[in-house]
Amino acid sequence: MIKQILVLFGICLASVVLSGVLPVMVPASVLAMLALILLLGTGLVKEKHVAGLCDFFKENMAFLFIPAGIGAAENLEILKESGLELVVICAVGTLLTFVATAFTVKGVLALTQKRKEHK
């Protein structure tokens with residue numbers, strides 16, 4: 001488990017450093033996710049190197065949202081003032097996410113079908 005923590009935290013640390021030196025602003029968390037996907041996809045990091053810790057985080061995900069919920073509760077006045085705008089932003093964001101996911105799934109299914117046809 002310690003090795004898995006070191007692997008994930010190492011990737012996170014590298015992404016924080018990279019985020020600080022990039023000429024454009026990219027969140028370190030996004031860079032870390034992309035780096036992990038790239039490392040897993042290329043085989044430089046094996047699934048067994050992070051699977052246990054990822055399962056732990058997945059099983060305890062609700063616990064990880066407690067700080068965000070407390071932060072939202074501390075800023076209820078701001079939420080009350082901007083309620084309509086936040087609802088619109090959330091609705092548009094959800095719709096865009098749904099559309100992007102639908103097109104991604106459609107594209108992956110088409111690519112999978114083409115690969116099956118070529119075999």
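Tutor: A helix here is a DSSP run of H or I with at least four residues, and a strand is a run of E with at least two, numbered from the N terminus. On that count the protein has seven helices and zero strands. From the N terminus on, the order reads α-α-α-α-α-α-α. Keep in mind that this is a predicted model.

Now the core. Seven residues form the largest nonpolar core: Leu8, Ile11, Ala32, Leu36, Val45, Val50 and Leu53. Two elements each give two or more residues to this core, helix H1 (2-21) and helix H2 (28-42). As background, nonpolar side chains in soluble globular proteins tend to be buried together.

Take Ala32, one of the core residues. Set aside its neighbours within four places in sequence. Ala32 is then in contact with Ile11, Cys12 and Ser15. Ile11 is itself a member of the core.

Next, the packing of H1 on H3. Two packed helices are described by the angle between their axes and the distance between the axes. The axes of H1 and helix H3 (residues 51-59) come within 8 Å. They cross at roughly 80°. Angles of 65 to 115 degrees count as roughly perpendicular, so H1 is roughly perpendicular to H3.

Which residues make this contact? From H1 come Gln4, Ile5 and Leu8, and they meet Ala51, Gly52, Leu53, Cys54 and Phe57 in H3. Sorted by type, the contact has six nonpolar residues, two polar and no charged. Leu8 and Leu53 take part in this contact, and both also belong to the core.

Leu79 has 33% relative accessibility, so it counts as partly exposed. Leaving aside its neighbours within four places in sequence, Leu79 is in contact with Ala72 and Leu86.

Finally, the whole chain. Buried residues make up 10% of the 119 residues. The radius of gyration is 19 Å, whereas a compact globule of 119 residues would have one near 14 Å. Along the principal axes, the C-alpha atoms fill a box of roughly 60 × 40 × 35 Å. Consider contacts between residues at least 6 apart in sequence. Of these, 51% join residues at least 24 apart.

Note on methods:
Residues numbered from 1 in each chain as written. Predicted model: local features only at pLDDT ≥ 70, side-chain atom pairs only at ≥ 80, totals over all residues. Heavy atoms only, no water. Core = buried A, V, L, I, M, F, W, Y, C linked by side-chain atoms within 4.5 Å. Buried < 20%, exposed > 50% of the residue type's maximum accessible area, 1.4 Å probe, protein only. Contact = heavy atoms within 4.5 Å. Axes fitted to C-alpha atoms, helices over the stretch in contact; angles between N-to-C directions. Parallel < 35°, antiparallel > 145°, perpendicular 65-115°, else oblique. Nonpolar A, V, L, I, M, F, W, Y, C, P; charged D, E, K, R; others polar. Rg over C-alpha atoms; globule rule 2.2 N^0.38 Å.
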